Amino acid sequence: MLKKIIAGIILALIVVGLAPSCKINYSFTGANLSPDVKTFTVYYFPNRARLVNPTLAQNFTEKLREKLQRQTSLHELSEGGDIEFEGQITGYEFRPMAVQKDDLSSQTRLTISLKLKYTNNKVPDDNFEQNFTAYEDFDSNQPISSVEDDLTEQIIDKLTEDIFNATIANW
């Protein structure tokens with residue numbers, strides 16, 4: 001009986017002794033970054049698409065900044081952050097999707113594409129360049145001018161989520 005008690009105490013001491021050496025990082029935002037990363041920079045994403053929405057570049061850049069501020073504890077720098085986001089909007093287009101009788105379209109798709117260069121100055125192995133694309137469909141009977149702003153906002157939300165997942169969350 002005494003041997004069991006001593007064995008139990010030794011086991012408890014071993015577990016307690018090893019506990020501080022184990023480190024588990026929890027994040028309720030989905031962020032999965034090196035502890036060395038403390039700052040970020042989002043450079044302006046110019047619109048290089050053939051069809052230009054005059055507010056798209058500014059809206060996208062601001063939404064990406066806001067997402068990083070809201071969902072990470074990183075501090076924003078105007079340049080030279082530990083992680084950097086830069087790129088350009090490469091596509092903004094409307095296309096008919098569902099064709100009915102008489103060759104009329106019942107659905108139209110707005111697609112936005114961009115090229116991202118992600119630089120992690122603390123963990124260079126994480127650096128990459130990638131194209132991102134997102135879209136929304138709408139009823140072709142609706143005038144583009146009445147749905148464009150809402151659709152653009154929804155697509156920007158999708159793009160920023162995809163970028164966040166590919167960079168910060170490492171998905």
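Aromatic pairs and the nonpolar core

A search of the whole of this predicted model finds five aromatic pairs.

User: What kind of aromatic pair do Phe85 and Tyr118 form?

Analyst: A pair of aromatic rings is described by the distance of the centres and the angle of the planes. For Phe85 and Tyr118 the centres are 5.3 Å apart, with 55° between the planes. Planes under 30 degrees apart would count as stacked and over 60 as edge-to-face, so the pair is tilted.

User: How many residues apart in sequence are the parts that this pair ties together?

Analyst: Phe85 belongs to strand E3, and Tyr118 belongs to strand E4. The pair therefore ties together parts of the chain whose separation in sequence is 33 residues.

User: What kind of aromatic pair do Phe94 and Phe138 form?

Analyst: Phe94 is in strand E3 and Phe138 in strand E5, 44 residues apart. Their ring centres are separated by 6.2 Å, and the planes stand at 90°. An angle over 60 degrees counts as edge-to-face, so this pair is edge-to-face.

User: Is Phe94 buried or partly exposed?

Analyst: Buried means under 20% relative accessible area, and exposed means over 50%. Phe138 has 5% and is therefore buried. Phe94 has 21%, so Phe94 is partly exposed.

User: Which element gives the largest share of the largest nonpolar core?

Analyst: This core has 33 residues, and Phe85 and Leu114 touch the most other members. Among the elements that give two or more residues to the core are strand E1 (39–42), helix H2 (56–71) and helix H3 (144–167). The largest share is eight residues, and these come from H3.

User: Which side chain makes a polar contact of 2.7 Å with that of Arg109?

Analyst: Arg109 is in strand E4. Leaving aside neighbours within four places in sequence, Arg109 is in contact with residues including Glu93, Tyr135, Glu136 and Asp137. The C-alpha atoms of Arg109 and Glu93 are separated by 8.0 Å. The polar contact of 2.7 Å between side chains joins Arg109 to Asp137.

User: How far from the ring centre of Tyr135 is the charged end of Arg109?

Analyst: Lys158 lies over the face of Tyr135, at 5.8 Å from the ring centre. The charged end of Arg109 also sits over the ring of Tyr135, and its distance from the centre is 3.7 Å.

Technical notes: Residues numbered from 1 in each chain as written. Predicted model: local features only at pLDDT ≥ 70, side-chain atom pairs only at ≥ 80, totals over all residues. Heavy atoms only, no water. Core = buried A, V, L, I, M, F, W, Y, C linked by side-chain atoms within 4.5 Å. Buried < 20%, exposed > 50% of the residue type's maximum accessible area, 1.4 Å probe, protein only. Helix = DSSP H or I, 4+ residues; strand = E, 2+ residues; numbered from the N terminus. Contact = heavy atoms within 4.5 Å. Polar contact = N/O pair within 3.5 Å; in protein donor to acceptor, adjacent residues only side chain to side chain. Phe/Tyr/Trp six-rings, centres within 6.5 Å; stacked < 30°, edge-to-face > 60°. Lys NZ or Arg CZ within 6 Å of the ring centre and 35° of its normal.
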